[in-house]
Amino acid sequence: MTERKPAGVSFESWVDKQIRESEQRGDFSRLPGFGKPLEGLDRPYDEAWWIKAKMQREGLSVLPPSLALRKEAEEALAAVPGARTEGEVRRMLTEVNEKIAEAVRRPPAGPLLKLKPFDVEALVEEWRTARRST
């Protein structure tokens, strides 16, 4: 437990001292995610980012699962042209394909899924062609 701020010491300098001492002890280097980049820095700012992150961590959705998967598939398809590498394209589409395959095996609640897995090879070829023409 941290000590109380002594009387007569400014709050800022006391806090700075606590942080410096924690760094020297290596307390920060044992935190989860130490040395890893912050998620979402490449995305536009969203005021409700923390709500959306909490809902995702908790597995909550405003949409029924089938519609949420349809939306995720649309977003993945829309993100393909902006992918930097072929591996990124494959990863995005494969992740969605796995979810679609699971939903086909065990249909989620809500409206009919009406999705089939993406043809990854065809979409990768389209991505390559688009990259060559720019």
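Mentor: Let's start with aspartate 46 and lysine 52, whose side chains meet in a salt bridge with an N to O distance of 2.5 Å. Please keep in mind that this is a predicted model. How exposed are the two partners? Aspartate 46 has a relative accessible area of 26%, so it is partly exposed. Lysine 52 counts as partly exposed too, at 49%, because the exposed class begins only over 50%. Elsewhere, salt bridges that share partners join Glu86, Arg90, Glu121, Glu125, Arg128 and Arg132 into one network. In total, the structure holds 15 salt bridges.

In one of them, the side chains of glutamate 21 and lysine 17 come together at 3.2 Å, N to O. Both residues sit in helix H1, which covers residues 11-25, and they are four residues apart, so about one helical turn separates them. Glutamate 21 is partly exposed, with 22% relative accessibility, and lysine 17 is partly exposed at 32%.

In the other pair, aspartate 27 meets arginine 25 in a salt bridge of 2.9 Å, again N to O. What about their exposure? Aspartate 27 counts as partly exposed, at 24% relative accessibility. Arginine 25, at 51%, is exposed, because its value is over the 50% limit.

Is glutamine 18 buried or exposed? Its relative accessibility is 16%, so it counts as buried, the limit being under 20%. For a sense of distance across the model, compare the positions of glutamine 18 and alanine 83: they are 65 residues apart along the chain, and their C-alpha atoms are separated by 43 Å.

Now for the nonpolar side of the surface. Ile19, Phe28, Leu31 and Phe34 form a nonpolar patch there, and together they have about 370 Å² of accessible area. One of these residues, phenylalanine 34, lies in the loop that runs between H1 and helix H2 (49-58). With 52% relative accessibility, phenylalanine 34 counts as exposed, because exposed means over 50%.

Helix H3 (residues 65-79) meets helix H4 (residues 86-105) at an angle of about 160 degrees, and their axes lie 10 Å apart. That angle makes H3 roughly antiparallel to H4, since anything over 145 degrees falls in that class. As for handedness, the crossing in which H3 passes H4 is left-handed.

Finally, take glycine 87, which is found in H4. Glycine 87 counts as partly exposed, at 47% relative accessibility. Which distance separates the C-alpha atoms of glycine 87 and valine 124? The two residues are 37 apart along the chain, and the separation of these atoms is 9.2 Å.

To come back to your request, the bridge between aspartate 46 and lysine 52 joins two partly exposed residues.

How values were computed
Residues numbered from 1 in each chain as written. Predicted model: local features only at pLDDT ≥ 70, side-chain atom pairs only at ≥ 80, totals over all residues. Heavy atoms only, no water. Salt bridge = Lys/Arg side-chain N within 4 Å of Asp/Glu carboxyl O. Helix = DSSP H or I, 4+ residues; strand = E, 2+ residues; numbered from the N terminus. Buried < 20%, exposed > 50% of the residue type's maximum accessible area, 1.4 Å probe, protein only. Patch = residues over 30% accessible without salt bridge, like charges linked within 9 Å, V, L, I, M, F, W, Y side chains within 5 Å. Areas by Shrake-Rupley, 256 points an atom, 1.4 Å probe, with all protein chains shown as cover. Axes fitted to C-alpha atoms, helices over the stretch in contact; angles between N-to-C directions. Parallel < 35°, antiparallel > 145°, perpendicular 65-115°, else oblique. Left-handed = near helix turned anticlockwise from the far one by under 90°.
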